[in-house]
Amino acid sequence: MKTAFVTGITGQDGAYLANLLLEHGIRVVGAVRRSSSPQVGRLEELGIAHRVELIGCELLEASNIRAVLRGLRPDVVFNLAAQSFVGASFEQPVYTTHVNAIAVAHLLEAIRECCPETRFYQASTSEMFGHGHVGAQNEDTPFHPRSPYAVSKLYAHWMTVNYREAYGLHAASGILFNHESPLRGREFVTRKITHTLAQIRAGREEPLALGNLDAKRDWGYAPDFVEGMWRMVNHPQPETFVLATGVCHSVREFATLAARCAGYDLAWDSDEAGECGRDRASGRKLIVTDPRFSRPNDVHHLIGDASRAKSVLDWSATTTFESLVERMVSADVDRLARGASAV
Ligand code: NAP
Ligand code: F7E
């Protein structure tokens, strides 16, 4: 492979994937949407902003995608761009559908027409499984999406499978469980917790407000997961793979451990305002619950079974939950100490 075209390059996975591709000696061209100043903070934090070529490409504009692919003829397209926040998809279901679903149809059509040899990776998600499953979810688990985000991603997943089956495109779909890192967006619960606790440690008085503390997720480390994407596009057959750690924890457990890493021993109790987490030493309320951060529908429990990725791709997650939380807290504490702006 010589040239990779990556949509969503400015996001968490886009930055780590670009880094990995560059390490493999691949030319990385990233799609950015129209803006007077693209968000290159993550690429800068990894020290690769100057090595990545950015190109304007509007994913809702079929002619724009075709023109870019015709000019570039990439060996592989990684479609990572998305309105990726599940909570926002309840407020903006149609916009989410356009970006996460319709744009994928445009991309697949453009590849079929302009460069059918190009390999394609679609960023699918464990959210497609939704709820109601006993045991861990794998490639054979039925889908039951519980948000406009999950529904839009399910459309894109099936389109990817269809273009593989109908036209023989090398179109892979990675069903990835939650993966986090110091470059995770600050609205997602893990980073919201680590960033806010670091701020509290540095003097913030306002407590951290969270929604559903009982939700459980299978949280892995993003750099492990982009390695899995790379292996999928290099696998001779285009297939669907689940990537996960196989271990799950609740939001409450994540927050408790993150607080410990930030120097607080949390005790949970409830008062008239709801459940809260207090620092045992001072009695100070560090975490409160706020219904504004709950969703009309939540997915309560997700845990993945990545044994197929292990046996076919020799992929497995290498970073433990404890090490992930520790890394995220120390990165946020360190950024604040240095006065660096948070990505
Ligand atoms: P992220 O940090 O939210 O990044 C999303 C990327 O999509 C950003 O580069 C963003 O560009 C771009 N984007 C958003 N709306 C767009 C639009 N209308 N047009 C063009 N680009 C747009 O997401 P991530 O965590 O890296 O996830 C990457 C992909 O994997 C997403 O498709 C996500 O749905 C999927 N996924 C993520 C996880 C996870 O746990 N992280 C798990 C499963 C699947 P701007 O910088 O311009 O906003
Ligand atoms: O929520 C609960 C929330 O927003 C995790 C995206 O990358 O992973 C991500 O989706 C859980 C949910 O991630 C707050 O209700 C409690 O149950 O961090 P999240 P997500 O919804 O799992 C999947 C795999 C993707 O594909 C998505 O693109 O935490 N929760 N309190 C909260 N969540 C947020 N954001 N904020 C809270 O205050």
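**Notes on a histidine and a ligand site**

1. His179 is found in strand β7, which spans residues 179-180. The model is predicted, and the remarks below should be read accordingly.

2. With a relative accessible area of 10%, His179 counts as buried, because that value falls under the 20% cut-off. Its side chain makes a polar contact with the side chain of Asp13 at 2.6 Å. The side chain of His179 also reaches the backbone oxygen of Phe177, at 2.8 Å.

3. Leaving aside residues up to four places away in sequence, His179 touches Gln12, Asp13, Arg184, Gly220, Tyr221, Ala222 and Phe225.

4. Turning to ligand 2, 25 residues surround this molecule, and the closest are Ser84, Thr125, Tyr149, Arg295 and Asp298. The shell comprises 12 nonpolar, six polar and seven charged residues. Helix α7 (189-201) and strand β8 (208-210) each supply at least two residues of that shell.

5. An oxygen atom of ligand 2 is 2.6 Å from an N or O atom in the side chain of Asp298. For the side chain of Asn178, the distance from an N or O atom to a ligand 2 oxygen is 2.9 Å. A polar backbone atom of Ser84 is 2.7 Å from an oxygen atom of ligand 2. Taken alone, ligand 2 exposes 690 Å², of which the protein buries 96%.

Definitions and conventions
Residues numbered from 1 in each chain as written. Chains lettered and ligands numbered in written order. Predicted model: local features only at pLDDT ≥ 70, side-chain atom pairs only at ≥ 80, totals over all residues. Heavy atoms only, no water. Near = heavy atom within 4 Å. Polar contact = N/O pair within 3.5 Å; in protein donor to acceptor, adjacent residues only side chain to side chain. Areas by Shrake-Rupley, 256 points an atom, 1.4 Å probe, with all protein chains shown as cover. Helix = DSSP H or I, 4+ residues; strand = E, 2+ residues; numbered from the N terminus. Nonpolar A, V, L, I, M, F, W, Y, C, P; charged D, E, K, R; others polar. Buried < 20%, exposed > 50% of the residue type's maximum accessible area, 1.4 Å probe, protein only. Contact = heavy atoms within 4.5 Å.
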